[in-house]
Amino acid sequence: MVRKVLAAALLLSATAMAGCKHDAPPGPDVWAVVNGEQIDRAEAEQYYKSRLNPQAPTPSQEEALSLTLNVVDELINNDILIQRARKIGLEATDGEVEDKFTEVKSPYTEDEFQRQLKERGVTTNDLKENIRRQLSVEKLLNREISAKISITDQDISDFYNQNRAQFNVAEAQYRIAQILVTPRKDPQLHNRKNDDATTDVEARRKAAALLQQLGNGSDFTQLAMDYSEDPATASSGGDLGFVPESSLNQSDPELKRAVIGLKVGEISPVIQLHDGYHILKLMAKETPGQREISDSQVQQSIRDTLRSRKEQLLRAAYIAEARNEAKVTNFLAQQVIESNGKLPEIPKFGSSALAPLNPAVPSQP
């Protein structure tokens, strides 16, 4: 009897000791395992590199390691969600991947596109696989989260009453869209036509031609996306958002006169400023005063705000729940702790400027 008790005690002790030890990685370059599927070092490093701005300063070894830990954690979340999407038949189809690939590629010439891929260390097949993962996660979260969110009229009313001061417009605001044509080539420019004037003569001719097209009924937003040379707004149809009158007072007087002189929906003549030739469209104007809840724009703004807040909250909870149900081992994190942060050198890819982390795949070129 004593022997049996002693044997049982030794067995429990051995089991407890085993439970205190970390699982051994299947291989030296396996950094995590998610429900039996491996995330290896090459995948994490490629993901890391695809997120970087090559022009930003090179991170220190500690910064690079910290960022790599974040990347691995994000890849773990991605894998959990992708496995769920696959299980319920929501994995992106080949057709959906090809459509998105064409969209991603469209602003670039072939040479520019290949250069972007090379700088990020990815191939066309890598990019398509990233797109498949991204679309699969989006389809899952749209069905499980977004489609189930409902914002009621009472929700909108409550938000308005609690934040009434937020809808008191202190000064006139102008929603402006612009088409900009510059007399110099910009390597960061990616309008849909890859059209970029390189001299002052070319810029003046291009701006005049665009103004004529607008006069003939062409759509301002589409022309801005096709031909505007403003890297910040071309992809959004030239939309600058609402600009308060006080900001206009600090801008070029010619620009202020043009904006104030426009009626909603009107388009300006070509305006020459220090940075090039501008064509403006006044999309909307807000006068000072309290905006009431009966205003459809106020209601839509509140609805969008509430939906965004609820979606962020539910997505975070959904991912946390999904992770609780998954079997995850983060071998990289184990190694960092065991080595007191002194791992073999993490490759310095050139920058610490990662995009914000979220449950999706790397940003595209």
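1. Helices here are DSSP runs of H or I with at least four residues, numbered from the N terminus. By that count Lys 100 belongs to helix 4, which covers residues 94–105. Keep in mind while reading that this is a predicted model.

2. What does Lys 100 touch beyond its neighbours within four places in sequence? Ile 131 and Leu 135.

3. Now the overall picture. The protein has 13 helices and nine strands. Of its 365 residues, 37% are buried. If you take the contacts with a separation of 6 or more, 77% of them link residues 24 or more positions apart.

4. On to a helix pair. Two packed helices are described by the angle between their axes and the distance between the axes. For helix 3 (residues 61–87) and helix 13 (residues 331–338), the angle is about 150° and the axes are 9 Å apart. Angles over 145 degrees count as roughly antiparallel, and therefore helix 3 and helix 13 get that label.

5. Who makes that contact? From helix 3 come Leu 65, Thr 68, Leu 69 and Val 72, while helix 13 brings Leu 332, Ala 333 and Val 336. Sorted by class, the contact of helix 3 with helix 13 has six nonpolar residues, one polar and no charged ones.

6. One sheet is worth a look too. Strands of a sheet pair through backbone hydrogen bonds, either parallel or antiparallel. This sheet is open, has three strands in the order 2-1-9, and its pairing is antiparallel. Strand 2 (37–40) and strand 9 (328–330) are the edge strands, each pairing on one side only. On average, neighbouring strands of the sheet are turned by 20° against each other, direction ignored.

7. Zooming in on one pairing: how many bridges join strand 1 to strand 2? Four, with strand 1 spanning residues 30–34 and the two strands running antiparallel. If you want a spot to check on screen, Ala 32 has Ile 39 of strand 2 as its bridge partner.

Methods:
Residues numbered from 1 in each chain as written. Predicted model: local features only at pLDDT ≥ 70, side-chain atom pairs only at ≥ 80, totals over all residues. Heavy atoms only, no water. Pairing = 2+ DSSP bridges. Axes fitted to C-alpha atoms, helices over the stretch in contact; angles between N-to-C directions. Parallel < 35°, antiparallel > 145°, perpendicular 65-115°, else oblique. Contact = heavy atoms within 4.5 Å. Nonpolar A, V, L, I, M, F, W, Y, C, P; charged D, E, K, R; others polar. Buried < 20%, exposed > 50% of the residue type's maximum accessible area, 1.4 Å probe, protein only.
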